[in-house]
Amino acid sequence: MYIHGKTIVVVITGGIASVKAVRICSALVQRGADVRVVMTEGACRFVTPLALQAIVRTRVISDIFAEDDASVIAHIDIADRADACVIAPATAHALASLALGLGDGMAAAALLAIGTRVPVIAAPAMNRHMWANAVVQQHVATLRARGVVIVPPTSGFLACGDEGTGRMAEPDDIVETVVHTFAHPLRGKRVIVTAGGTFERIDAVRGIANASSGKMGIALARAAQQRGADVTLIYGTVSVPLPERMTCIYTQCAKEMANAVFAHFDQADIVIMAAAVADYTVAQSVDHKMKKTNVPLSLQLVPTIDILAALGARKTHQRLIGCAAETEHVVQYAREKCVRKQCDAIIANDVRICGFGADENEVTIVTRDTEVALPRMPKTELAHRIWDIIAAEEGQ
Ligand code: CTP
């Protein structure tokens with residue numbers, strides 16, 4: 001029932017397991033999905049596009065230059081329609097091309113256009129030595145870090161005559177993974193994530209900033225979107241690109257961020273305050289550029305509103321998650337913060353370990369009575385692990 005009416009793009013790349021893609025497409029169609037098939041030239045040698053077309057009843061596309069319908073660009077059109085994408089089988093070449101962002105051919109271009117906006121599920125299939133090759137594993141790790149769900153190959157008799165790990169997972173298991181994606185507890189939830197640093201103006205050209213890159217918040221926003229949530233990203237100063245096709249609201253200072261968050265809070269189900277919000281702002285900023293003098297200058301700073309604490313006091317049904325960058329007694333301080341700001345959990349990290357702006361982090365998710373430590377990993381992957389924990393509580 002979860003995939004009924006959903007458009008699922010099935011990308012078939014060239015390996016003997018391509019023949020099993022017929023069963024995957026058939027099972028998806030039987031569950032009411034609108035299945036769109038993209039095949040590589042290699043896949044077309046193993047199984048005919050006509051066979052797939054007969055099952056899915058839509059035009060199978062494979063040649064990037066065969067633009068049959070002049071009103072659309074086929075690989076963009078199919079990407080725009082996708083609610084999810086399955087790459088089955090995913091050859092070593094397909095994994096590498098996706099990891100590296102190569103867009104040669106219809107399948108690769110469609111996958112690039114789909115990006116990580118919707119869930120992407122890949123079922124690799126290849127010889128066991130190829131699967132074990134470090135470079136293949138590296139590409140798999142890169143894709144996982146970006147949120148691609150890998151349905152790992154199983155062990156058994158391989159077409160090349162070898163025994164080992166490399167067989168594509170069973171079609172039923174791949175279909176179940178797709179269904180599970182749509183049954184995810186975050187699907188349809190309204191999520192607010194704040195990210196980046198705030199900037200408190202001193203004068204027309206100066207201000208008080210901080211070193212937040214926004215990487216963790218943006219990774220959390222993107223991961224929630226991939227899990228089907230309706231995400232609003234409220235961001236300040238960030239050093240990484242914003243997610244596509246997401247409502248992204250820029251705010252400059254703590255006050256603006258507070259207003260934007262408050263405006264969306266009542267409709268939200270989950271809020272993660274990952275932004276590094278200034279604790280103080282300049283009492284009286286000026287609109288012109290201040291001229292320098294040779295006498296000391298004092299700025300009077302006044303406390304900003306604590307957005308997280310205000311949300312804690314105001315929340316009704318929302319789940320509220322704060323963040324804490326500490327340098328000592330990480331869990332203890334995070335727990336105190338959790339109670340003080342009336343949060344459901346705090347994502348705490350020791351800034352001495354990874355620091356601001358890094359691509360990796362390690363965190364502990366602290367509630368009033370539990371704590372779960374997640375080891376150091378890329379922030380993109382960490383975001384998914386954090387959602388695994390937060391989403392597990394949804395609906396309970
Ligand atoms: N936060 C907020 N509004 C502020 C300041 C912080 O919403 N004006 C949020 C951050 O987004 C983050 C959490 O509060 O989720 C971090 O709290 P922090 O400011 O680090 O802790 P404090 O309460 O200031 O305590 P301490 O200075 O003791 O760490």
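Helices (H or I, at least four residues) and strands (E, at least two) are DSSP runs, numbered from the N terminus. The model described here is predicted: local features need pLDDT of at least 70, side-chain atom pairs count only at pLDDT 80 or more, and totals for chains, interfaces and linings use all residues. Residues are numbered from 1 along each chain as its sequence is written, and side-chain values use heavy atoms, leaving out hydrogens and water.

- An open sheet is formed by five strands with parallel pairing, in the order 2-1-3-4-5; two strands pair if DSSP finds at least two bridges between them.
- Strand 2 (34-39) and strand 5 (149-150) are the edge strands, each pairing on one side only.
- Strand 3 (residues 84-90) runs parallel to strand 4 (residues 120-124), and four bridges join them.
- Ala90 has Pro124 in strand 4 as its bridge partner.

**Gln226**
- Gln226 belongs to helix 10 (residues 215-226).
- With a relative accessible area of 6%, Gln226 is buried (under 20% relative accessible area, 1.4 Å probe, protein chains only).
- A polar atom of the Gln226 side chain lies 3.1 Å from the backbone oxygen of Thr116.
- Leaving aside residues up to four places away in sequence, Gln226 touches Thr116, Arg117, Pro119, Arg146, Gly147 and His384 (heavy atoms within 4.5 Å).

**Helices 11 and 12**
- Helix 11 (residues 254-265) packs with helix 12 (residues 307-314) at an angle of about 25°, their axes 10 Å apart; axes are lines fitted to C-alpha atoms over the stretch in contact, and angles run from 0 to 180 degrees between N-to-C directions.
- Helix 11 is therefore roughly parallel to helix 12 (angles under 35 degrees).
- Ala254, Met257, Ala258, Val261, Phe262 and Phe265 of helix 11 meet Ile307, Ala310, Leu311 and Arg314 of helix 12.

Methods. Buried means under 20% relative accessible area, exposed over 50%, partly exposed in between (1.4 Å probe, protein chains only). A polar contact is a pair of N or O atoms within 3.5 Å; within protein, one must be able to donate a hydrogen and the other to accept it, and residues adjacent in sequence count only if both atoms are side-chain atoms. Angles under 35 degrees count as roughly parallel, over 145 as roughly antiparallel, 65 to 115 as roughly perpendicular and the rest as oblique.
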